[in-house]
Amino acid sequence: MNTNSNTYTVIYSIILVVVVAAVLAFAAMFLKPTQEANVKKDTISQILTAATVQGEDILATYKQEIEAAILVDIDGNKVGELSIEDCEVYDNAGLKKQTIASEKALPVYIFKNGITVVPCYGAGLWGPIWGYIGLEGDLQTIKAVCFGHKGETPGLGAKIADEPSFAAGFAGKQVGSGDILFEVAKPANRKTENNGVDAISGATITCQALGKTLNQWFGFYQNYFAKNGASQPSTEFVIGDIVIESVEPFNVEEE
Amino acid sequence: MANFDFKETFLNPIFKGNPISVLVLGICSSLAVTVQLKGAFVMGLSVIIVTGLSSLVCSLLRNTIPNRIRIIVQLVVVAMMVILVDQVLKAYAYSVSKTLSVYIGLIITNCIVMGRIEAFALGNKPFASLVDGIGNGVGYAMILVIVAFFRELLGSGTLFGFQVIPQAVYDFGYMNNGLMILPPMALILLGCIIWVQRAVQKDLQEK
């Protein structure tokens with residue numbers, strides 16, 4: 001057979017592509033439930049990190065330590081509940097939907113240790129970035145954070161997720177009020193006193209994106225914070241063995 | 001190929017014709033994933049599977065592949081294998097797949113895979129090609145593991161995540177070498193491996 005004829009080449013490539021597509025589609029469908037369970041577990045483990053809760057079995061720890069998982073609208077009113085029994089959480093797709101939804105149902109995870117965890121989600125430099133912010137009872141003071149990203153530059157933007165000192169810098173900072181709720185920039189460029197952390201040098205765009213994302217999401221929750229935060233005294237949780245490290249003071253270089 | 005020498009086909013790419021240290025292929029991924037042994041190990045295993053299976057499939061198809069689109073056909077086969085490996089890792093080794101992130105996907109750009117298909121699998125029988133693919137994968141994985149061993153040991157004081165340098169040594173003032181974590185040290189270690197190999201195998205030295 002002439003394997004170099006046009007007809008053969010076209011038919012060959014069509015068959016090849018169809019076969020490969022079928023194999024991949026089958027594999028994707030077959031493995032999807034396991035993969036989704038992993039992603040969910042990973043999401044919950046990030047929420048637990050932000051809530052400063054530790055445990056071996058992530059799902060069991062979550063069920064044990066969570067007080068309530070509720071949904072609130074933009075005015076801070078409760079509009080629904082997430083099932084604790086099924087460990088129901090918003091994944092990234094769910095968070096993405098909320099950023100553009102006109103009728104919002106934003107997740108709030110309240111833990112038994114008094115920490116409330118809220119998510120954030122936005123666009124980084126190369127792909128989405130997200131995070132979970134654990135707040136003290138006053139809903140103003142940040143206790144711990146856990147950030148994640150899809151594909152920020154390793155060693156630069158990726159540090160928002162894997163540089164412990166960056167996350168540690170958030171501890172004890174306040175969510176502000178007014179136009180600027182939170183800033184990620186070097187001190188000289190910050191307009192507020194205690195509502196920001198140092199950016200990472202060499203990761204300017206990622207850090208700016210993170211600041212923007214945090215602002216947007218704290219904005220979503222502003223009414224909820226105002227309604228529910230004042231009822232509890234803040235001092236109880238604020239002072240602890242918080243180590244505030246400055247990450248790196250300058251962010252002069254671009255990625 | 002009647003006189004197919006199993007031992008030669010398998011061992012040549014591991015030592016004498018090692019894809020990384022002799023042919024200098026697949027350098028970038030070897031720099032990126034060798035901070036920890038676990039990542040290097042999984043990456044090595046993934047490459048072994050991809051090189052082995054895609055060589056096998058391409059060799060099975062070798063007489064039917066239209067010559068004009070043979071590179072594309074190879075690419076499709078390799079891409080399929082890489083996606084399969086990526087999907088399986090995401091399902092059964094999620095934390096590792098998160099550490100390796102884009103690098104699993106980038107196996108497709110690894111010159112070793114395409115290089116072996118083009119140079120060997122298209123002209124040899126399936127079993128010989130499978131052995132050649134696996135041999136090249138093992139050669140790649142071996143270098144990765146050696147580099148990762150030194151980087152993790154000297155950079156973090158651990159092996160496979162377990163602390164191996166005792167606390168007493170740290171009390172004497174020993175410190176983990178932070179440079180080892182950074183990619184340049186992988187390149188330097190790789191250079192050392194090539195140096196040692198060339199010192200041992202004199203016929204590799206250029207005149």
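Start with chain B: from the N terminus on, its elements run α-α-α-α-α-α-α-α-β-β-α-α. That comes to 10 helices and 2 strands; helices (H or I, at least four residues) and strands (E, at least two) are DSSP runs, numbered from the N terminus. The model is predicted: local features need pLDDT of at least 70, side-chain atom pairs count only at pLDDT 80 or more, and totals for chains, interfaces and linings use all residues. Residues are numbered from 1 along each chain as its sequence is written, and chains are lettered from A, ligands numbered from 1, in the order in which they are written.

**Chain B overall**

Zoom out. The radius of gyration of chain B is 18 Å, close to the 17 Å that the globule rule gives for 207 residues, so chain B is as compact as a globular protein of that length. The radius is taken over C-alpha atoms, and the rule is 2.2 Å times the number of residues to the power 0.38. Along the principal axes, the C-alpha atoms fill a box of roughly 65 × 50 × 25 Å. Color by pLDDT, the predictor's confidence in each residue, from 0 to 100. Chain B averages 86, and 98% of its residues score at least 70.

**The contact between chains**

Select both sides. Chain B gives 17 residues and chain A gives 19; a contact means C-beta atoms, placed from the backbone, within 7 Å. On the chain B side, helix H4 (residues 70–92) gives the most, with 10 residues. The model scores ipTM 0.77 and pTM 0.74.

**The cores**

Now go to the largest nonpolar core, with 59 residues. Such a core is a set of buried Ala, Val, Leu, Ile, Met, Phe, Trp, Tyr and Cys residues joined through C-beta atoms within 7 Å. Buried means 20 or more other C-beta atoms within 10 Å of a residue's own, exposed 12 or fewer, and partly exposed in between, with C-beta atoms placed from the backbone. Among the members that touch the most others are A:Ile47, A:Val117 and A:Tyr221. Helix H6 (residues 204–229) of chain A supplies the largest share, 10 residues. A second, separate core of 45 residues includes B:Val33, B:Met43, B:Val77 and B:Met180.

**Two loop stops**

Pick A:Cys87, in the loop between strand S2 (78–81) and helix H3 (92–100) of chain A. Its phi is near 55°, a positive value in a residue other than glycine. Next, A:Leu139 sits in the loop between strand S5 (128–135) and strand S6 (142–149) of chain A. Phi of A:Leu139 is near 55° too. With 22 C-beta neighbours inside 10 Å, A:Leu139 counts as buried.

Key
Contact = placed C-beta atoms within 7 Å.
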